[in-house]
Amino acid sequence: MSLNEVGAVIAIDEAQYLRFYGARGGKEFLALVAYAYDNLESLSFILSGSEVGLLHDFLGIDDYNSPLYGRAYGEVTVEPFSRDLSKEFLRRGFEEAGVKISEEEIEKAVNFLDGIPGWLVEFGYSYIHTKSFEEAMEKVLRKAEAMIIGEVRELEKKSPRYSLILKAISLGLDRWELIKEYIEVRAGEVPNSRLANLLKNLEKMGWIRKEEGRYRIIDPVVRKVISKAL
């Protein structure tokens, strides 16, 4: 009995990395998905990724040269929680776990972690086991630092200027001219076109966002780690 006969959902996390698969940049995989879409009606795919811009580029739904061009799809974007939702998320989680926590500590956690669901979950899990705000937050930061520094080192393999850009923004140097000056003092001249591409890539990878002419690191924990550890 085939997967199509029984009905199945195939889920792939961090699907943007499939662009490194095969000789044609993942096009073979996309061709398989396109075939399944056209011929196997009981088979569904869920493709998720943390680097949303790169995932969109890889899938190429609107790109005539992509095997998935023109196929209908649904999209779910997980945005950071609002401040009120973040506090309610923690409250309900602790209530379900039977753990008491003060409103002051919930407020401090939300101030520090903002509305990033992953860090809120990590803090809640650690607090349930330690019953200590300081220990729980320290565990979050240790885990975050190891993960973030590892990801930044991978970025540096593509260009050492990526980490300089992130460091500059984390220090509040969030305008184009300030970022450019920071890089050039430490690594020599960078052409405007090259800097533009680097910033665009960081946006596509979900590291930064441009708002009203200023760049910011989206994740507050990432910002804190980079400002201190890099």
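**View 1. The exposed side of helix 4.** In this predicted model, D84, R92, E95 and E96 of helix 4 are exposed (over 50% relative accessible area, with a 1.4 Å probe and protein chains only). Helices here are DSSP runs of H or I with at least four residues, strands are runs of E with at least two, and both are numbered from the N terminus. Helix 4 covers residues 83–97, 15 residues in total. From its first C-alpha to its last, helix 4 reaches 22 Å, close to the 21 Å expected at 1.5 Å a residue; the expected span is 1.5 Å times one less than the number of residues.

**View 2. The buried side of helix 4.** Which residues of helix 4 are buried? They are S86, K87, L90 and F94, where buried means under 20% relative accessible area and partly exposed lies between the two cut-offs. These residues cover an arc of only 95° around the axis, which puts them on the same side of helix 4. The arc is that of the directions from the helix axis to the C-beta atoms. Among the elements that cover the buried residues are helix 5 (103–113) and helix 6 (117–130).

**View 3. Helix 8 inside the protein.** Here we turn to another helix. Why is helix 8 (residues 161–170) described as largely enclosed by the rest of the structure? Because 10 of its 10 residues are buried. They include Y162, L164, I165, L166 and I169, and also R161 and K167.

**View 4. The neighbours of helix 8.** The buried residues of helix 8 pack against helix 7 (133–158), helix 9 (176–187), helix 10 (192–204) and helix 11 (220–229), as well as strand 3 (208–211) and strand 4 (214–217). A contact means heavy atoms within 4.5 Å. G172 follows helix 8, and its phi is positive, near 95°.

**View 5. Stepping back to the whole protein.** The protein has 11 helices and four strands. Its C-alpha trace spans about 55 × 55 × 30 Å along the principal axes. Of its 230 residues, 36% count as buried. Among contacts between residues at least 6 apart in sequence, 61% join residues at least 24 apart.

**Reading notes.** Residues are numbered from 1 along each chain as its sequence is written, and side-chain values use heavy atoms, leaving out hydrogens and water. Local features need pLDDT of at least 70 and side-chain atom pairs count only at pLDDT 80 or more, while totals for chains, interfaces and linings use all residues.
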